[in-house]
Amino acid sequence: MKVGILGSGTVAKQIASGFINAGHQVKLGTRDAEKLKEWQKSIPGVTVGSFSDAASFGEVVAIATLWSGTENALRLAGIENIKSKIVIDITNPLDFSSGVPPKFSVTYGNSAGEQIQNWLKDSKVVKAFNTVSASIMINPKLEEGNPDLLIAGNDLDAKKVVTEIAKSFGWQNVIDMGDIKQAFWLETFAMLWIEFGFKYNHWTHAFKLLYK
Ligand SMILES: NC(=O)c1ccc[n+]([C@@H]2O[C@H](COP(=O)([O-])OP(=O)(O)OC[C@H]3O[C@@H](n4cnc5c(N)ncnc54)[C@H](OP(=O)(O)O)[C@@H]3O)[C@@H](O)[C@H]2O)c1
C-alpha cells in the first residue's frame, strides 16, 4: 500500500518506520524536506516531499501535525489530493501557547477529528493512535501487558483497514468506539494520559480495558 504521512515530528517518523517494516511504501510530507535528510538515511525506502506530494502519493494518508498547524497543513496538502481516501487522524488538539502541560483546545461536538472530517468532507477519517505515546505506536508491548488501541470514524471499511494496519504494527486489541463524534472522547482520553505524564513524570504508560 502507498502511505502518505503529513508531518515530520516524532509521530510521523515512528509510524513511517512501522509502515516501512510492514512492507508499505511511504512518503512523508513537510514544509522543509531538508531537515529530514539525516533521518531518511536511517529508514531505507522512505521518501520525503511536500505536504502536497505526500497527500497525492498516499492511498492512505496519516495526519501527524501540531494541532494549531493542521488546517494549514491540509490546505498545503490539497483537499482534492485526499478526496475519497482513508485518513488516519493522529492529532491531539493541544494548545501550547501558555507552556506545559498543554491545554485542551476543543469543545464537545467540535473535536479535532470532527473538524478534520468536516474539512475533508469526501475522505474517510479514522481517529487512531492519538491515545498512545509515539514510543509505543509500533510494537506496543509493555512489561505489564499489551495496551488497547481506541479508534473512531464514520466509515466501517476504513476502520477495518486501520485495524489491520494497527495489527501489523503489533496491536492485539483494537476497539472501535463508534463514529467520528467519539473522537472527542479519544482526545480527552489522550489528555488524561498527558496529565498523568506531567503529574508522575512518566511517559511510557498506556491504558487497557479490563472486562469481567
Ligand atoms: N508525540 C506523541 O507522543 C504523540 C502521541 C499521540 C498524538 N500526538 C499528536 O500527533 C501530532 C504530531 O505530534 P509530533 O509530536 O510528532 O509533532 P508536532 O511537533 O506536534 O508537529 C510537527 C508537525 O506539525 C507541522 N506543523 C506545525 N505547524 C504548522 C503549520 N503552521 N502549518 C503546517 N504544518 C505545521 C510541522 O510541519 P513541518 O514538517 O513543515 O515543520 C510538523 O510536520 C500532534 O497533533 C500531537 O498532539 C503526539
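Author: Helices are DSSP runs of H or I with at least four residues and strands are DSSP runs of E with at least two, both numbered from the N terminus. Residues are numbered from 1 along each chain as its sequence is written. The model is a predicted one, in which local features need pLDDT of at least 70 and side-chain atom pairs count only at pLDDT 80 or more, while totals for chains, interfaces and linings use all residues.

Reader: Where does Ser-84 lie, and why does this residue count as exposed or buried?

Author: Ser-84 is placed in the loop between α5 (79-82) and β5 (86-89). A residue is exposed if 12 or fewer other C-beta atoms, placed from the backbone, lie within 10 Å of its own, buried if 20 or more do, and partly exposed in between. Ser-84 has 9 C-beta neighbours inside 10 Å and therefore counts as exposed. Its phi is near 70 degrees, a positive value in a residue other than glycine.

Reader: What makes the peptide bond between Val-100 and Pro-101 a cis or a trans bond?

Author: Omega is about -5 degrees there, and the bond joining Val-100 and Pro-101 is cis. Most peptide bonds are trans. Pro-101 is found in the loop between β6 (94-95) and β7 (103-104).

Reader: What makes β1 and β2 a pair, and which strand else pairs with β1?

Author: Five bridges link β1 (residues 2-6) with β2 (residues 25-29) in the parallel sense; Lys-2 has Gln-25 of β2 as its bridge partner. The β-α-β crossover from β1 through α1 to β2 is right-handed, a term for a path from the first strand over the helix to the second that runs clockwise with the strands pointing away from the viewer. β1 also pairs in the parallel sense with β4 (residues 60-63), over four bridges, and Ile-5 stands opposite Ala-62 in β4. Four of the five residues of β1 are buried, leaving the strand mostly covered. Elsewhere in the sheet, β5 and β8 run parallel and share four bridges, with Ile-88 opposite Val-126 in β8.

Reader: Which residues are the closest to the ligand, and how does the shell divide by residue class?

Author: The ligand is surrounded by 23 residues, the closest being Ser-8, Gly-9, Thr-30, Arg-31 and Gly-69. The elements giving two or more residues to this shell are α1 (10-21) and α4 (67-77), and α4 has the largest share, with four residues. Nine residues of the shell are nonpolar (Ala, Val, Leu, Ile, Met, Phe, Trp, Tyr, Cys and Pro), two are charged (Asp, Glu, Lys and Arg), and twelve are polar (the others, Gly among them).

Methods: Near = placed C-beta within 6 Å. Pairing = 2+ DSSP bridges.
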